[in-house]
Amino acid sequence: MKRVRVWDKLISYDNISKAIDEVNKSHRWCAPGKPNKRVIWVTINKENCIKELQTILENGFEQSPTTPKRRYDRNAKKWRDIEEPKLYPDQYIHHALVRVLEPVMMRGMDRWTCGSIKGRGAIDGMRAIKRWMKGNYKNVRWCIEADIYHFYDSIKPERVIERMRRLLKDYKTLDLIERIIKDGIKIGFYTSQWLANTLLQPLDRAIRDKGIRKSIRYLDNFTIFSNSKRSCRDVLKMISDWLISKDLKLKGNYQIFKVPYRIEKTVSKNGLSRINKRIPNALGYRYGRGFTLLRKHALLTIKRQVNSAIKKINKKSYISVSFAYSLLSRLGRLRHCNSSGIYNRYIPNGIQKISKSVIRRYQRKGLKEWNLILEQEKTALCL
């Protein structure tokens, strides 16, 4: 692949201006009703900030130290150390860097790399698996489910720089990347997900070279389908060897299992049907031939949140915006699986409409307040 230069695009006025707009759009409020003073200052003094960011990049950007915060990931059911970089100038520079690197990284990105890429979320990968499961059974007879052990914590910066040198040839951009990742690939940095996906691009190509056509990688999680158990073992051995060569390793709880052609269901005492055999489990869903089911813990979370919403509505108590966003997000997952029984049994009519009205009022009020605050600040500067 031909190496390119992106430094001139990186420090251009247009690129930094768009990066500022991206960051400001998602950081307007520190908390409900509390505007972010730094974002206000950057918005009003945008021209001066662009020049200052250009100067910082030319003179050598130094990444500010960050403090990890412990947060619980409900989907993965584990605690994570999240490190959020300083807003100005760090996050603006991260977004400006990714804006120019994105076209370069996407040139070698596998079609079914679905994590943290625009237009390729979990739903995109889920639709592919559903299509494969409906097709020829011989091609999806066996399945591999595996992931990388402590992926972000195990990535060494020198491995990332080694990979980026194969894509870029201007030393200034490489030096900037090295300064950002000098303390490791941290969860919470906008650049981390892109650099991690780029590091695994050669592995995706190696899987295709093994003759595997139906495989999906969501960040460090692999879901691979094949027509024989032997090919699954060969692919898994190749993945393990490749990861070891990059100072990474495969988690020991990987699974190779046969995908059942026909699935027998048993009806429990409460009238719900259960599947006795193992079926592919990826991207938040379980997949059979002609049907898709939500994971059990995801369904349990939805039931609890719906019950909490019903209590709030009956008591006519306050429904927070974060609660409404969370509820709608979880209910939206039901659109992509067999969920008619779930709606009939657990979700009353009108609960989505109420949540949407809460969000709509908040967005309209927030936009008015934000425009008013900007006008007041500009007037104060003029005086």
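**Reading salt bridges and a hairpin**

The side chains of K156 and D247 meet in a salt bridge, 3.8 Å from N to O.

Q: What counts as a salt bridge here?
A: A side-chain nitrogen of Lys or Arg within 4 Å of a carboxyl oxygen of Asp or Glu. This is a predicted model, where local features need pLDDT of at least 70, side-chain atom pairs count only at pLDDT 80 or more, and totals for chains, interfaces and linings use all residues. Residues are numbered from 1 along each chain as its sequence is written, and side-chain values use heavy atoms, with hydrogens and water left out.

Q: Which parts does the K156 and D247 pair tie together?
A: K156 sits in the loop between α7 (151-154) and α8 (157-164), and D247 in the loop between α12 (229-245) and β8 (255-258), so the pair links parts 91 residues apart in sequence. Helices (H or I, at least four residues) and strands (E, at least two) are DSSP runs, numbered from the N terminus.

Q: Where do R179 and D175 lie?
A: Both are in helix α9 (residues 171-180), four residues apart, about one turn of the helix.

Q: How do I read burial, say for strand β13?
A: Buried means under 20% relative accessible area, exposed over 50%, partly exposed in between (1.4 Å probe, protein chains only). In β13 (residues 291-294), F291 and L293 on one side and T292 and L294 on the other are all buried.

Q: Which strand is joined to β13 by four bridges?
A: Strands pair if DSSP finds at least two bridges between them. Here β12 (residues 285-288) runs antiparallel to β13.
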